[in-house]
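Colleague: I am new to this structure, and I would like to learn how to read its features one at a time. Could you take me through some of them?

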Amino acid sequence: MKPPAMLRPPSAAPAARPLGIGQARCLQLAAQGLLQPPRRRARPADVVAAVERMRLLQIDSIHVVARSPYLVLHARLGDYPQEWLDAALEQGRLAECWAHEACFVPAADLPLHRAWRERGSHWAQRHAERMQREHRAAMDGLLARIRAAGAVRAADFPRERRGASGWWEWKPEKRWLEACFALGELMVSRRERFQRVYDLAERVLARLDPPFVASALPPAGLRRRFIADSVRALGIAQARWVADYYRLKPAVGEAELAALAAEGELLPVAVAGWSAPGYVHRDHAALLAQAAQGRLRATHTALLSPFDPLVWDRARVQAMFDFEYAIECYTPAPKRRYGYYVLPILHRGRLVGRLDAKAHRAEGAFEIKALYLEPGVAAADARLQREVAAAIARTARWHGTPSIRLARCRPAAFGAALRRHWRAG
């Protein structure tokens, strides 16, 4: 007896032979929007489309280079005005919530996130619940002020004493605002110079596009949806990588993915060298067929944010790209291997190196404190030199820091080649 048509796997079936790791990489890059350079100039709608493709755009406030969400989009869209992301939030096409960490998400997905929040499994919500128990009267007073007087920023409240940055050193009102945000009582209506503007959730929900409709999915259905969306966003994934994308608990097991594969939601795929099966979402069946036939070609070169979804899972990036990576900005300086804000370098389907960058905006200078190629990467490759130099120059110009200064490079000859390309313009 044939399965119902709605569950029948698409006609583009998995390959009979295992995918090579290079084919699997291309599939993941295609799903993430990093396989090939943009074919046209970016448009405002492309910002929302890119977030919809990734499902999550992690927020981080470090601005040694461009803040992470803008840099993630630049790797996929090329030259675009950073204000487009801010506008999409203010227009209600994107929303902010806690997911992997604090993230921009498509407005259409917010009902799922708010329903999942009720489970209280994220660390931010647990902390917020504790804060509410200890400061209930003050937090209720803050909500009453916002209800009466309108949206606020943390900057609207004076600081009594200045301490080191970080959650525990925030002024009380900032901590209460963040707790109300994690609890879903407040939402971010817009950003001003990247500062959150908080308003009552009911007001922000009322202007979302598409309109907000509370999810009726039970917890098991929500978990299934997030598992499927994780695999779709990743292009191809092993079971052990899935939970990290949305910070699902408990960890996602092989049996859950096998069940989705039996229903046709996911396609199991063997990958050479993997001891566990990979899974591809049925929406990517055509991409899978192209990958199996060797018709997905990686031609893109870009600098990636440390918080790019392609690299934020250390185990996944090690297995997929043989790239050992750690985000070192939170590591004490003496213990760092490569630097404070290190950007992986993507080149034609491989992570070929990394650079420690700092933007000097007032001077218009993009400083590269150090650049390292990975072992085994051919530094004398003329195309590698040309395309990496061009990717760095594009990022520097987009950032408004077109003057590039490279201090150290390993190997040194690669640095000399980059400087020649920059001088030639």
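Predicted model: local features only at pLDDT ≥ 70, side-chain atom pairs only at ≥ 80, totals over all residues.

Colleague: Let us begin with the pocket: how much space lies in the second largest pocket, and which residues are the closest to its centre?

Modeller: The second largest pocket holds about 550 Å³ of space, and of the 23 residues that line it, Gly 33, Gln 36, Pro 38, Arg 53 and Arg 76 are the closest to its centre.

Colleague: Which helices supply the lining of the second largest pocket, and how do its residues divide into nonpolar, polar and charged?

Modeller: At least two lining residues come from each of helix H1 (21–32), helix H2 (44–54), helix H3 (68–77) and helix H13 (285–292), and H2 gives the most, with 4 residues. By kind, the lining of this pocket has 11 nonpolar, 4 polar and 8 charged residues.

Colleague: What is the phi of Arg 247, and what is the phi of Asp 322?

Modeller: Arg 247, although not a glycine, has a positive phi of about 55 degrees, and its place is the loop between helix H11 (239–246) and helix H12 (254–262). For Asp 322 the phi is near 50 degrees, again a positive value in a residue other than glycine, and this residue is in the loop between helix H14 (314–321) and strand E10 (342–347).

Colleague: Are these two residues buried or exposed?

Modeller: Arg 247 counts as partly exposed, at 29% relative accessibility, while Asp 322 is exposed, with a relative accessible area of 56%.

Colleague: Finally, how many disulfides does a search of the whole structure find?

Modeller: The search finds 0 disulfides. Cys 103 has its closest cysteine sulfur in Cys 97, and because the two sulfurs are 6.8 Å apart, they are too far for a bond. Cys 103 counts as buried, at 0% relative accessibility, and Cys 26 is buried with a relative accessible area of 11%.

Definitions and conventions. Residues numbered from 1 in each chain as written. Heavy atoms only, no water. 1 Å grid on protein atoms, 1.4 Å probe; cavity = no way out; pocket = protein on both sides within 12 Å on 5 of 7 lines; lining within 4 Å. Points joined across faces, edges and corners; volume = space filled by probe spheres on them. Nonpolar A, V, L, I, M, F, W, Y, C, P; charged D, E, K, R; others polar. Buried < 20%, exposed > 50% of the residue type's maximum accessible area, 1.4 Å probe, protein only. Disulfide = S-S within 2.5 Å.
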